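Here are my notes for anyone opening this model for the first time. Have the view ready and go through the points in order.

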Amino acid sequence: MVDRLVNSEANARRIAMVESCFGSSGQPLNVPGRVLVGEGVLTKMCRKKPKARQFFLFNDILVYGNIIINKKKYNKQHIIPLEEIKLESLEDDGQLRNGWLIRTATKSFAVYAATSTEKQEWMAHINKCIEDLLRKSGKKAVEVHAAVWVPDSEAAVCMHCKKAQFTVLNRRHHCRKCGAVVCGPCSNKRFLLPSQSSKPLRVCLDCYDTLSRAKAQHNNISEHVINKDMKERSGSADSSGEEDSDEDEDNRQNDTTPDQSSSDEAGQKKYVSQNDSENHLPKWKPLRSTVV
């Protein structure tokens with residue numbers, strides 16, 4: 001079904017419509033081979049509170065943005081390559097129902113659908129698109145994903161020292177490694193997390209100690225391997241009476257690899273129907289009987 005839509009006029013119109021809704025603030029989305037699979041409103045768990053966000057599922061990316069005017073204008077466009085995404089289902093917890101985690105290399109967060117059926121269809125379609133993308137493109141799925149941030153409302157005191165109370169002056173901070181809400185003194189260290197940023201990021205003291213020990217252990221192992229390799233080279237040079245050439249050295253180096261809103265808002269979801277046809281192209285059908 002997706003393959004039939006690749007070069008269709010209907011698909012091009014739908015993508016162009018999404019681009020126009022984001023306006024000049026968004027990136028171009030109409031690229032060769034891209035298909036708009038489905039769209040809808042989901043509630044994204046943000047740092048301070050749940051908020052409604054418009055999501056668009058393509059066969060290679062997931063796009064979402066803030067809703068300014070429903071179905072007409074969005075901003076703050078976010079684009080996530082599907083090979084970076086890993087989904088995890090969430091158990092219902094009070095008013096937070098029908099949710100799942102969207103884990104990516106740089107940012108992970110929870111989203112919630114209006115109904116259980118809608119949740120199942122979203123997850124099934126996303127996973128199917130990921131599976132097809134990896135199979136056809138030869139890309140590899142990302143193995144390291146960012147932590148999900150604990151919402152501010154769930155931490156009245158620092159989750160590290162258990163003492164510091166958060167106020168207007170004593171701000172909350174998030175550890176980029178574990179996602180915990182911590183105070184300033186308990187997160188005054190920074191550590192390089194290459195999967196998230198090229199610059200050192202704020203981490204809590206526990207994560208800093210764990211990461212530092214792991215780095216030291218890795219460095220010790222690397223130093224041991226280098227020293228062993230140098231001894232072997234030295235022994236080889238002594239026995240042959242010749243030193244390694246720059247070319248041989250280069251060859252050896254080359255061989256080494258170094259937010260819960262109203263259910264009415266969250267209920268707007270459509271998917272390509274596999275039964276309807278208009279010039280051999282599917283139509284969009286709402287999953288629910290009521291569409292705002």
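**Notes on the model**

1. Let's begin with charge pairs: there are eight salt bridges in the structure, a salt bridge being a side-chain nitrogen of Lys or Arg within 4 Å of a carboxyl oxygen of Asp or Glu. Bear in mind that this is a predicted model, where local features need pLDDT of at least 70, side-chain atom pairs count only at pLDDT 80 or more, and totals for chains, interfaces and linings use all residues. Numbering runs from 1 along each chain as its sequence is written, and side-chain values use heavy atoms, with hydrogens and water left out.

2. Look at Arg34 and Asp60, a salt bridge with its closest N and O atoms 2.9 Å apart. Arg34 sits in the loop between helix H2 (9-22) and E1, and Asp60 in the loop between E2 and E3, so this pair ties together parts 26 residues apart in sequence. (Helices, H or I with at least four residues, and strands, E with at least two, are DSSP runs numbered from the N terminus.) Arg34 counts as buried at 10% relative accessibility; buried means under 20% relative accessible area, exposed over 50%, and partly exposed in between, with a 1.4 Å probe and protein chains only.

3. Next, Glu83 and Lys139 meet through their side chains in a salt bridge of 3.7 Å, N to O. Glu83 is in the loop between E4 and strand E5 (86-89) and Lys139 in the loop between H3 and strand E8 (173-174), so parts 56 residues apart in sequence are tied together. Glu83 is buried at 16%, while Lys139 is partly exposed at 40%.

4. Lys128 is partly exposed at 43% relative accessibility, and Asp132 is buried at 17%.

5. Now the inside. The largest nonpolar core has 21 residues, and Phe55, Leu57, Leu82, Ile85, Trp100 and Ile102 touch the most other members. (Such a core is a set of buried Ala, Val, Leu, Ile, Met, Phe, Trp, Tyr and Cys residues joined through side-chain atoms within 4.5 Å.) Helix H3 (116-137) is among the elements supplying at least two residues of this core, and H3 gives the largest share, six residues. A second, separate core of 18 residues includes Cys183, Cys186, Cys207 and Leu211.

6. Which residues lie nearest the centre of the largest pocket? They are Lys44, Met45, Cys46, Arg47 and Phe109, out of 33 lining residues. By class, the lining has 16 nonpolar, six polar and 11 charged residues. (On a 1 Å grid over the protein atoms alone, a pocket is an open set of points where a 1.4 Å probe fits, with protein on both sides within 12 Å along at least five of seven lines; lining residues have an atom within 4 Å of a point.) E7 contributes the most to this lining, with three residues.

7. Asn98, in the loop between E5 and E6, has a positive phi of about 60° although it is not a glycine. Lys162, also not a glycine, has a positive phi of about 65°. Asn98 counts as buried at 12%, whereas Lys162 counts as exposed at 60%.

Terms used:
Nonpolar A, V, L, I, M, F, W, Y, C, P; charged D, E, K, R; others polar.
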